[in-house]
Amino acid sequence: ADDFLKLADGSDCIDSRASKIQAQVSEPEEVQEESTGACDLCCSEILPGTAWSTTCGHLLCICCTTITAQVHSANSLATRCPLPECRASIDVEADVVGVPELWITVADRISRTAFQQVVVFCPKCEDRGMSMPVLTKSYGNEDTREGVTQCVCFQCSWSFCGICRSPCHPSESCYEDPSRVVRMGKRRPPLPADLAEKAAEKAVDVLQAAKEKTAQLQQDLSETVGKQDFDKIREFFFKAHERDILKGLSAVFSNVSITPVPLSRHVGQCFAKSLTESGAELRPAFHGTNHSNYPSIFQNGLLIPGEGNALRVVHGAAHGRGVYTANVDAAWLSEGFCTARSMLVCAVLQTASVRHVGDAMVVGVAAHVVPMFMAEENGFRQQGWSMSATVTAQAKGNMTAVPATKGTAQAKGKMGSGSAPKSKFMLRLAKKSQKH
């Protein structure tokens with residue numbers, strides 16, 4: 001083909017005008033757009049026409065601008081510069097914001113910028129699988145002493161401490177309570193380096209105390225190995241954790257009373273067997289539900305919906321299927337699922353089947369969690385509810401012997417001698433309930 005385009009004397013036969021046309025239609029060289037600069041928040045390069053210059057002089061990319069405006073709007077606050085050292089008021093036009101981003105996307109972007117220093121994610125929403133950024137401020141050591149760093153979630157209206165994410169504790173330091181110290185280490189976003197370091201130091205003592213408590217309980221429980229004595233397990237369990245249980249309940253109930261649940265013998269023995277076989281740590285937890293479910297729970301235990309039963313998921317399964325329980329320092333989480341002033345105190349075996357998510361424990365094997373006690377606010381039964389009214393024929397049958405505290409009708413059925421004197425454990429439990 002190349003020879004065809006040449007004359008006999010070897011010269012080109014292409015018209016010079018064609019050469020000009022060819023030059024005109026050839027690929028133009030790419031023109032690189034010059035960057036306007038880098039975003040002061042995320043440090044990404046900003047292309048011309050996409051920058052937002054704030055009144056405080058900081059330069060933001062369009063993405064950081066929209067997210068900043070979205071977070072402030074959700075918190076019902078005027079938009080401010082997202083840089084923690086600035087926080088000057090800025091004006092953002094409505095058409096710049098556009099369609100709101102998914103909160104999970106917003107949370108991811110916040111966690112990669114300095115904006116996280118003035119944001120804390122709501123713990124209650126987090127436990128339900130949502131990341132809701134609540135605006136707060138940059139914290140220092142003086143704030144942990146004040147104990148007045150109150151934040152309110154715009155999504156669920158939960159009020160909590162912005163540093164440890166525990167319920168507000170005016171006049172008390174975050175470091176005064178072991179559970180708060182632990183929660184500081186699980187905070188999202190993480191605390192500033194100086195606070196995180198101090199919390200880690202305090203946590204060493206907290207974890208050591210927890211290990212000693214666990215070791216003592218394991219030693220006590222060794223007496224029950226092979227005996228499947230659920231009542232003895234319950235007694236040792238309460239002896240080890242009564243202080244934490246009562247303290248946790250006091251956050252949601254006033255003058256609380258605790259009654260051993262009339263658990264069916266089969267469920268109690270099944271849990272005792274799992275404890276013996278696994279040798280796992282036994283940890284307290286709370287479970288909130290419709291109190292009309294109590295008879296079924298006492299008879300069949302806490303079940304996982306769809307696993308050999310016709311139960312269906314009622315409140316969602318943000319963290320997968322399982323029995324959802326709240327940590328002993330997060331009774332408020334279970335309270336949200338209660339239909340009356342009552343909730344169950346449970347024991348959870350710390351096996352591989354348990355997923356720890358925020359303030360919750362999701363138990364993947366039903367035999368690894370069991371209700372031990374029913375906690376209720378004093379006066380609740382006088383309002384028309386009682387154990388005797390709830391434990392119907394469905395829950396009657398082979399039940400472990402559970403003498404009731406004063407004022408509580410004992411569940412009927414094959415529960416042992418109802419006239420037998422109360423054990424020291426039961427008398428101490430009744431006394432404790434009257435105090436709280």
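Modeller: Let's start with α8 and α9, which pack at an angle of about 165° with their axes 9 Å apart. An axis here is a line fitted to C-alpha atoms, for helices over the stretch in contact, and angles run from 0 to 180 degrees between N-to-C directions. That angle makes α8 roughly antiparallel to α9; angles under 35 degrees count as roughly parallel, over 145 as roughly antiparallel, 65 to 115 as roughly perpendicular, and the rest as oblique. The names come from DSSP runs, numbered from the N terminus: helices are H or I with at least four residues, strands are E with at least two.

Keep in mind that this is a predicted model, where local features need pLDDT of at least 70 and side-chain atom pairs count only at pLDDT 80 or more, while totals for chains, interfaces and linings use all residues. Residues are numbered from 1 along each chain as its sequence is written, and side-chain values use heavy atoms, with hydrogens and water left out.

Back to the pair: the crossing of α8 and α9 is right-handed. Left-handed means that the near helix is turned anticlockwise from the far one by less than a right angle, and right-handed means clockwise. On the α8 side you'll find K213, L217, D220 and L221, which meet I233, F236, F237, K239, A240, H241 and D244 in α9; contact means heavy atoms within 4.5 Å. Sorted by class, this contact of α8 with α9 has six nonpolar, one polar and four charged residues. For these classes, Ala, Val, Leu, Ile, Met, Phe, Trp, Tyr, Cys and Pro count as nonpolar, Asp, Glu, Lys and Arg as charged, and the others, Gly among them, as polar.

Now look at the other partner of α8. α7 and α8 pack at an angle of about 130°, again with axes 9 Å apart, and are therefore oblique to each other. Their crossing is left-handed. P178, V181, V182 and M184 of α7 make the contact with A199, K202, A203 and V206 of α8. That gives seven nonpolar residues, no polar ones and one charged. In the loop between α7 and α8 sits P189, and a cis peptide bond joins R188 to P189, with omega about -10°.

So much for the packing; on to the space itself. Rolling a probe the size of a water molecule over the atoms shows where empty space is left. The largest pocket holds about 1,300 Å³ of space. A pocket is found on a 1 Å grid over the protein atoms alone, using a 1.4 Å probe: it is an open set of points with protein on both sides within 12 Å along at least five of seven lines, and lining residues have an atom within 4 Å of a point. Grid points are joined across faces, edges and corners, and the volume is the space filled by probe spheres set on the points.

Of the 38 residues that line the largest pocket, P178, S179, D244, V328 and D329 are the closest to its centre. The elements giving two or more residues to the lining are α7 (178-185), α8 (193-221), α9 (230-250) and β10 (282-287). α9 gives the most, with eight residues. By class, the lining divides into 14 nonpolar, nine polar and 15 charged residues.
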